Protein chains: 2
Amino acid sequence: GSDLLAQERARATFDVKKLTLALYGSKELERLNRILKILENDPVFDKSNIYYMGRNELFEHALKKDKRLAQLIKKHKWNVEEIQIADLFLDLPGPFGLHRGMFIPTIFGQGSEEQKKKFLIPALKYEIIGCYAQTELGHGSNVQGLETSATYIPETDEFEIHSPHLTASKWWIGGLGRTANHAIVMALLKSNGKDFGPHPFIIQIRDMETHQPLSGITIGDIGPKFGYNSTDNGFMLFDHVRIPRSNMLSKFSQIKQGTGEYIRPPNDKLSYGTMVFVRAMIVTGVRVALARAATIAIRYSAVRRQFVDKDEPKKLKDGRIVETCVLDYTMQQYRLFPVIAQAYACYYTSKAMVDSYMNYMKQSSGGDFSSLADLHASSSGLKSLTTSMAVDSIEDCRRACGGHGYSSFSGFVTFYQNYLPNTTWEGDNYILTHQTVRYLLKTFREVVSNKNPEAYSHSNTSPTITYILQFLNNPNQTCTATTPSDFKNHEVQLRAFGHRSAYLIANAVDQIDNHKKSWNSMLIEVNRISRAHCQYLMARDFITALQKRHQQDEDERLRVLHDNPALIEVMTSVCNLFVLNTMEKELGEFLECGYLTSSQAKLIRFQVYDLLKEIRPNAVNLVDAFYVPEFMLQSALGRYDGKVYETMFDWASKEPLNEITLDINPNSEVLFRNKNGKARL
Amino acid sequence: GSDLLAQERARATFDVKKLTLALYGSKELERLNRILKILENDPVFDKSNIYYMGRNELFEHALKKDKRLAQLIKKHKWNVEEIQIADLFLDLPGPFGLHRGMFIPTIFGQGSEEQKKKFLIPALKYEIIGCYAQTELGHGSNVQGLETSATYIPETDEFEIHSPHLTASKWWIGGLGRTANHAIVMALLKSNGKDFGPHPFIIQIRDMETHQPLSGITIGDIGPKFGYNSTDNGFMLFDHVRIPRSNMLSKFSQIKQGTGEYIRPPNDKLSYGTMVFVRAMIVTGVRVALARAATIAIRYSAVRRQFVDKDEPKKLKDGRIVETCVLDYTMQQYRLFPVIAQAYACYYTSKAMVDSYMNYMKQSSGGDFSSLADLHASSSGLKSLTTSMAVDSIEDCRRACGGHGYSSFSGFVTFYQNYLPNTTWEGDNYILTHQTVRYLLKTFREVVSNKNPEAYSHSNTSPTITYILQFLNNPNQTCTATTPSDFKNHEVQLRAFGHRSAYLIANAVDQIDNHKKSWNSMLIEVNRISRAHCQYLMARDFITALQKRHQQDEDERLRVLHDNPALIEVMTSVCNLFVLNTMEKELGEFLECGYLTSSQAKLIRFQVYDLLKEIRPNAVNLVDAFYVPEFMLQSALGRYDGKVYETMFDWASKEPLNEITLDINPNSEVLFRNKNGKARL
Ligand SMILES: Cc1cc2nc3c(=O)[nH]c(=O)nc-3n(C[C@H](O)[C@H](O)[C@H](O)COP(=O)(O)OP(=O)(O)OC[C@H]3O[C@@H](n4cnc5c(N)ncnc54)[C@H](O)[C@@H]3O)c2cc1C
Ligand SMILES: Cc1cc2nc3c(=O)[nH]c(=O)nc-3n(C[C@H](O)[C@H](O)[C@H](O)COP(=O)(O)OP(=O)(O)OC[C@H]3O[C@@H](n4cnc5c(N)ncnc54)[C@H](O)[C@@H]3O)c2cc1C
């Protein structure tokens, strides 16, 4: 394998290290390397036995890992971003994950100063460990429908927390099952006979000494799952449990002592801003997941040989015919290269999301919230689109590795299993699109009725408004391309995506406003509109990054990219592949709205096939540039050095089952016996 | 949950029991029930702890199960089909699986009479246990590329079995790791310095007393996998191991004693016939998998309520507004109803495959092999299309269950994990399409050059030739539909599928023959053609079953269907949904070939949405009719009685991790402690 990968690397048309630099920047790269070194050299984080562990063993290992990580955080004074990097590399969801990921941030964001003193400080020192308990057995997506109640008792100035039905049991709560001694609990706030909807409470749930659940509280682990078995997702029921009034997180809303009067929260713009940021982080995570999957599949495909290609047989120098490496089969390229392109596209999309968020934060501190609605809507749709894409692509990459992709040693198995819930949590991917499309329809109606014309003169008119305006100016416009390479024109590409999205929006508005269609009857269209809009955004973000602009000088990463023509060249191929492969997959919609003709459809396919050829020599180099460390890959197939088969063999020989000798006689009750033939008891 | 499902069941427009009878027939139904009863009542087959088991425990359980099954087979004298039913219901791939599934059938099909006496009889009595060792670490799909060699040694009249490299190690072999004491080994037959390619040898690999590998043979389990962890897939290396000449399976080819002369096999039509049958069985398996997935998701969606639908809020009799069950959301219907339709479509496709195979067997015994090529090509493509579809649909159903779909208790997790390799084994789903399309292109060329005109006058002209002829008669024909309901016309539907497939074939032939395109450069098209052809076949098989014909009187199942107008009515809706949803997904191709216009595309969508409404009242009844037993489902979400939440809670409380108490202090080395606070050692 090593020589094959060396040959691939010799074919690079660009400097791989430069591209890595253009992705991360020198400061971030230094940080990644620094943290990686610490983790790799720590025996507690040794991953060599991870694939053989059963649930208990795995959970025990994850606890050990999380304890050690807590020590390192203290020792190295790691900040939030550094902890995130460590978490990413360690790649093992553990019992303290939600403590760091949700418990601490929620107190930080929604606690009063007093509450921070009381809970945040000990939480940061790991003196208390918390979790975030929102979802219930009967309710997830519809937070308004939660059943756990927190009733204010003026007599004692307390809340009574209660689970009225079995379905009110908190469920799925990460770190709750065996670990947390505190929880943020979302419960319906009730006072003076009124219901004010779900609010967050901080509740001690286990004894600090014995670690047993406190009286009135029933807790347990919810059992085995598709993945995430190294985390103790838990359930929890309350039986009239009393907590002090001061345990309601009270930065935004409160209950007044004695009177039980409810004090309303200010507007919710802040929490929307946070959601945008969380989603930008998820899209960054998509990029890493895609890069990781592509790295394994591309490297293995360069090493794996299967069949002699009869038309163009591969020959060694001595003339001997050898089998063709599977990366040379066009179908394999067609399955894998788009995943590389998706990873790069997500990189620029998440970057654009973070940049927009930063911009918004600046504007909002000056009182300007105008960009929030667009940002929030787009980020919902992008989370939905990209995480679904990631899950599909990881599985495509796994399957492209044939039988060996099914082995845990491929590095795909726990990776896929743990990634999967991204499609469900932080908003179910279907329900999320509702928010996106409600905003798009509203915007369309506003633009049509021109209620708010001054908005369009802004220099930073939202992209949505831009493409809606273009559509309204000429709803019957069609694509101008006449040759395959016309489709490499970025303006042609964006026009097509914008037109399709606007067409779908216009149609939905018509159905609802003029044909009185119900929202429910439009949900299938809603999903298509959100996808169309977000594919437009992804295309636009990638294209924008490749266009030289002034402000890029400020950003080291863009500067490196634009200072190296070889990088721009290869990234342009990758961008075109992303855009045109997406168009090809959605061809039905581009044709149905009349924007493309069937002969143009053929031109796109030609161009895609051409791009596969263009990218082939750089395939391995493009995944090398992602710089996914071996420590994270844990893959026999995706090794940098290509020693696939040696590693498969080495790891198989460590399988614990190999210690066992069977008694296979169907009439014998003995199953496992010792080597001397005796039954093992 | 129970009341909601009762309401659903009250809405049926047809007799569920009748539909079940129309699927299985009374004899088969009796057999299913008889076997199910035996299994359900046997404590060895108790599944209540299955989701909590680690690898060793699971493997031990599977061995116990397989031993008990062997006893029952003997006791009840079960035949091959009855064993298959038991295997299906037990739903736990075990260490004897390949013994029954491959070892015995291979000796039966390829062994001489003497070899059968020596190996088949003891194998049937489980005195020896075998496996099927073809795949190697370095080779799977390309069987010609195997490296294990079997060299004839005339001096001793033996073969020497040898693995020349690490990559020659047998790999993935089910039941080899810890169980089998015999193996069918595919090895390159070498004699007199010539290489005759891969041939099957039967080899004893473990000592019958100690169960240790024989001298010169290295064996082990290949380690953890995505699923199938209850089976010991193994590796095996040979170091110059000698076996008698008589151990080469010699029904078809042999080496002559002393001279080492090779005796060629007769034609390979027999083995092709067997492949057709195996694939028909896989498609039958797809039907079961889809039925199972749809059953869980549909029942759960009828019980799960989430959000109040503002336009059409659900009200109880007392006027109270309650949340809407998620099955009422059109998007949920759009995700799930097509899976029901796919399951029924696969039912009729696998039935047609089995019928054609039986027909062929009759013809071939009279010397007529003319239908084999078409059968073989179609069955390759259908295996590929339907197993990929099944994996996608199982996952779609799982995700449609929201967070709870991720719990093992959903019944999706091990089910999906064990089903997954169907896309890879018995022919990788991409490589399989090569065979299909080679045949289609050849047929097209023949029809065009009319080399073989008498073939078309046959009463049973192959469907492929029929649609190719239709296309050639009018390559520019277009669809005649002008209203949504025109698309319910089966003739209109079939014409569209046939035209699209023929168009793609014609285009590929042109590229290869006139533009000298290489096979490799056509692989992406190859995949599209195979899909198009097989979707045509699936549509045709479903439609044919719904059309009244004379011969149906012979088939109880078709007779029941056609004697009940209510069944025909609902099956017609299901068939239309299958066909039109497939068209909708492939809209790009139908538009690209110019057969459909963009306004027709819209009509199809309308019609699909209408069909969802048509099917809604029967959704639960259509999955009930599949008759998937609880014993197989093992699902808290898919229970017939709808007691979802009670079961989730009950099963969670049995999680073994709940026995453990943690020490969460990051500075303490103790991880798990006893309830009294002491470290557990
Ligand atoms: C591994 C994992 C870890 C988790 N960790 C936590 C945690 O730490 N804390 C916590 O509070 N929660 C946690 N969760 C819960 C998670 O947030 C919820 O599962 C998620 O929000 C989905 O909600 P649900 O399960 O209720 O799905 P549902 O809302 O019940 O969805 C079921 C189906 O109905 C559909 N549907 C629902 N409403 C509509 C509608 N209006 N229109 C159309 N379709 C609809 C959905 O698309 C879906 O297909 C976790 C979940 C998982 C899987
Ligand atoms: C759970 C499990 C159980 C198994 N049990 C057994 C068993 O009992 N006995 C046994 O002998 N085997 C067994 N196998 C092995 C199985 O049959 C092989 O894995 C399968 O045939 C695929 O071969 P491969 O792994 O070599 O894939 P490869 O051929 O290496 O495929 C790798 C990739 O290359 C692509 N590719 C390869 N050639 C071409 C081409 N010409 N054109 C385009 N693309 C190409 C493929 O599509 C795939 O994406 C098992 C496998 C699994 C996963």
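This report describes a surface charge patch, the cysteines, and selected loop residues in a predicted model.

## Basis of the model

In this predicted model, local features need pLDDT of at least 70 and side-chain atom pairs count only at pLDDT 80 or more, while totals for chains, interfaces and linings use all residues. Residues are numbered from 1 along each chain as its sequence is written, chains are lettered from A and ligands numbered from 1 in the order in which they are written, and side-chain values use heavy atoms, with hydrogens and water left out.

## Negative surface patch

A patch of negative charge on the surface brings together A:Asp392, A:Asp396, B:Asp392 and B:Asp396. Patches consist of residues with over 30% relative accessible area and no salt bridge, like charges being joined within 9 Å and nonpolar side chains (Val, Leu, Ile, Met, Phe, Trp, Tyr) within 5 Å. A salt bridge requires a side-chain nitrogen of Lys or Arg within 4 Å of a carboxyl oxygen of Asp or Glu.

Helix H10 (372-399) of chain A and helix H10 (372-399) of chain B each contribute at least two residues of this patch; helices (H or I, at least four residues) and strands (E, at least two) are DSSP runs, numbered from the N terminus. B:Asp392, located in helix H10 of chain B, is partly exposed because its relative accessibility is 43%. Buried denotes under 20% relative accessible area, exposed over 50%, and partly exposed the range in between (1.4 Å probe, protein chains only).

## Cysteines

Zero disulfides are found over all chains in a search of the whole structure. For A:Cys479, which is in no disulfide, the nearest cysteine sulfur is that of A:Cys593, 10 Å away. A disulfide is defined as a pair of cysteine sulfur atoms within 2.5 Å. A:Cys479 is buried, at 8% relative accessible area.

The sulfur of A:Cys534 is too far for a bond, because the closest cysteine sulfur, in A:Cys346, is 11 Å from it. A:Cys534 counts as buried, at 0% relative accessibility.

## Loop residues

Most residues other than glycine have a negative phi. A:Tyr228 has a positive phi of about 55° although it is not a glycine, and phi of B:Tyr228 is positive and near 60°. A:Tyr228 occupies the loop between strand E7 (217-221) and strand E8 (234-238) of chain A, and B:Tyr228 the loop between strand E7 (217-221) and strand E8 (234-238) of chain B. A:Tyr228 is buried at 18% relative accessible area, as is B:Tyr228 at 17%.

B:Ser250 lies in the loop joining strand E9 (241-244) and strand E10 (254-255) of chain B and is buried, with a relative accessible area of 16%. B:Ser250 and B:Phe201 are 49 residues apart in sequence, with a C-alpha to C-alpha separation of 8.9 Å in space.

Key: Accessible areas come from the Shrake-Rupley method with a 1.4 Å probe; for residues, only the protein chains shown count as cover. Lys and Arg count as positive and Asp and Glu as negative; His and the chain ends are not counted. The place of a charge is taken as NZ of Lys, CZ of Arg, CG of Asp or CD of Glu.
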